[in-house]
Amino acid sequence: MHAGVSPRFRPTLSRGGRRKALLAVTMLTGAVMTTGALFPPTASAAKPDPVQKSLNALVVDDQIPSASASVADRKGRTRHYTAGVGDLKTGAKVPKDGQVRAASNTKAFTAVVTLQLVAEKKIALDAPVDTYLPGLLRGEGIDGRHITIRQLLQHTSGLPEYLDKRAVLKDPQRYYEPRELLDSALAQKAHFSPGAKWEYNNTNYLVAGLIIQKVTGRPLGEEINRRIVDRIGLRHTYFPTPGDMTIREPHSKGYHRDTADSPWREVTELDPSWGWAAGAVITTNNDLNRFYTALLGGRLLPPAQLAQMRTTVPAGAPGVRYGLGLTSTPLPCGGVYWGHGGTIPGYATLGGVTEDGRAVNIALTAMPTDTATEQHAQAAVETALCR
């Protein structure tokens with residue numbers, strides 16, 4: 001699991017196929033399907049909408065409490081979809097474009113801020129971590145004098161994982177200081193020499209967040225809100241302040257279970273501090289579409305830094321590649337889409353944008369507990385982008 005933190009389901013990264021790239025699962029029993037649309041009706045309106053059909057299947061067949069999506073066409077026209085129920089106890093409707101925990105999509109936000117600081121000459125992408133945080137990274141096979149900022153953002157540093165899934169699920173409302181999390185990683189040995197290979201790891205972004213704070217002298221959340229959220233007008237996106245365990249705007253409740261046969265427990269309110277720079281952001285499907293569209297459209301980074309962000313390495317699954325906080329995933333209809341995705345107890349998100357301006361983000365109110373559900377969620381993204 002990757003905390004908000006998840007690598008998109010471990011973002012598309014830890015699967016054995018292109019369609020294993022997602023996020024979180026939830027449950028259901030009774031399902032209420034609704035669709036809200038901004039597109040005018042067409043002659044084919046009587047046919048089942050393929051996106052709605054795929055969301056309904058995630059709820060009915062994969063037993064996810066709810067699934068929602070925002071799909072934008074090349075002209076920016078958006079259609080919202082919902083399936084399932086927003087509250088398993090009351091059967092409340094799923095809010096249209098409700099807020100969710102963005103999980104590892106946060107990594108893309110952290111990477112953008114880092115690259116903005118690179119453009120401002122405050123950070124050098126190929127400088128070692130010790131340039132900014134001298135002596136911080138030391139351990140068995142770990143030396144911050146030999147790990148670069150680029151390697152952090154691209155998951156090629158060799159740092160071990162800090163996230164303890166069992167501890168988080170045992171006490172999801174506990175607050176963690178970033179340094180406390182880092183210490184748990186440094187108590188382990190390095191997984192490989194810096195630059196030797198690619199391995200998805202939340203610790204990389206924990207360190208990137210600490211560097212941002214050191215260089216700017218401001219809290220990471222303030223920098224993300226100021227440099228990204230406010231800049232492009234993401235009205236339903238924010239980085240939670242310390243101690244804020246709620247989701248502020250209308251949302252479906254999030255659920256978790258350890259296996260497909262386990263009972264569901266609600267985990268909507270949790271302390272996202274253990275996700276922090278790797279997974280704390282709260283947003284909506286539509287805001288994620290707007291974020292990735294603005295990013296790929298050059299509104300957040302100068303051309304040089306955007307080009308660096310889009311320079312990728314193989315990321316574990318066939319055809320999937322990872323840049324600097326950004327994943328490139330091939331589409332069955334040709335081309336690729338850029339995004340990230342993420343999973344955190346209670347929520348999973350996946351999707352991205354294409355070069356020609358199509359965008360989709362899908363949110364589930366639980367982390368998938370099996371490969372089949374992950375594949376079905378990924379297929380839903382492909383259906384939306386290839387229709």
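On a 1 Å grid over the protein atoms alone, a cavity is a set of points where a 1.4 Å probe fits but cannot get out, while a pocket is an open set with protein on both sides within 12 Å along at least five of seven lines; lining residues have an atom within 4 Å of a point. Points are joined across faces, edges and corners, and a volume is the space filled by probe spheres set on them.

Some ground rules: this is a predicted model, where local features need pLDDT of at least 70, side-chain atom pairs count only at pLDDT 80 or more, and totals for chains, interfaces and linings use all residues. Residues are numbered from 1 along each chain as its sequence is written, and side-chain values use heavy atoms, with hydrogens and water left out.

**Exercise 1. Describe the largest cavity and its lining.**

Step 1: the count comes to one cavity of 30 Å³ or more, and the largest cavity has a volume of about 60 Å³.

Step 2: list the lining, which is Ser66, Ser68, Val94, Pro95, Gly98, Gln99, Val100, His251, Ser252, Ala363 and Thr365. Strands β2 (66-72) and β4 (99-101) each supply at least two of the lining residues; strands are DSSP E runs of at least two residues and helices are H or I runs of at least four, numbered from the N terminus.

Step 3: sort by class, with Ala, Val, Leu, Ile, Met, Phe, Trp, Tyr, Cys and Pro as nonpolar, Asp, Glu, Lys and Arg as charged, and the others, Gly among them, as polar. The cavity lining has four nonpolar, seven polar and no charged residues.

**Exercise 2. Which residues lie nearest the centre of the second largest pocket?**

Step 1: this pocket holds about 320 Å³ of space.

Step 2: its lining has 20 residues, with Phe239, Pro240, Thr241, Pro242 and Trp276 nearest the centre. Helix α7 (residues 220-229) gives the most to that lining, with four residues.

Step 3: the classes come out as 11 nonpolar, six polar and three charged.

**Exercise 3. At what angle do helices α5 and α6 cross?**

Step 1: The axes of α5 (residues 178-186) and α6 (residues 202-216) come within 10 Å and cross at roughly 140°.

Step 2: α5 and α6 are therefore oblique to each other, since under 35 degrees counts as roughly parallel, over 145 as roughly antiparallel, 65 to 115 as roughly perpendicular and the rest as oblique.

Step 3: look for contacts (heavy atoms within 4.5 Å). Pro178, Leu181, Leu182 and Ala185 in α5 meet Thr203, Leu206, Val207 and Leu210 in α6. That contact has seven nonpolar, one polar and no charged residues.

**Exercise 4. Which residues of α2 and α9 make their contact?**

Step 1: the axes of α2 and α9 (residues 285-296) come within 12 Å and cross at roughly 35°.

Step 2: Asn105, Ala108, Phe109 and Val112 of α2 touch Leu288, Phe291, Tyr292 and Leu295 of α9. By class, this contact has seven nonpolar, one polar and no charged residues.

Note on methods. Axes fitted to C-alpha atoms, helices over the stretch in contact; angles between N-to-C directions.
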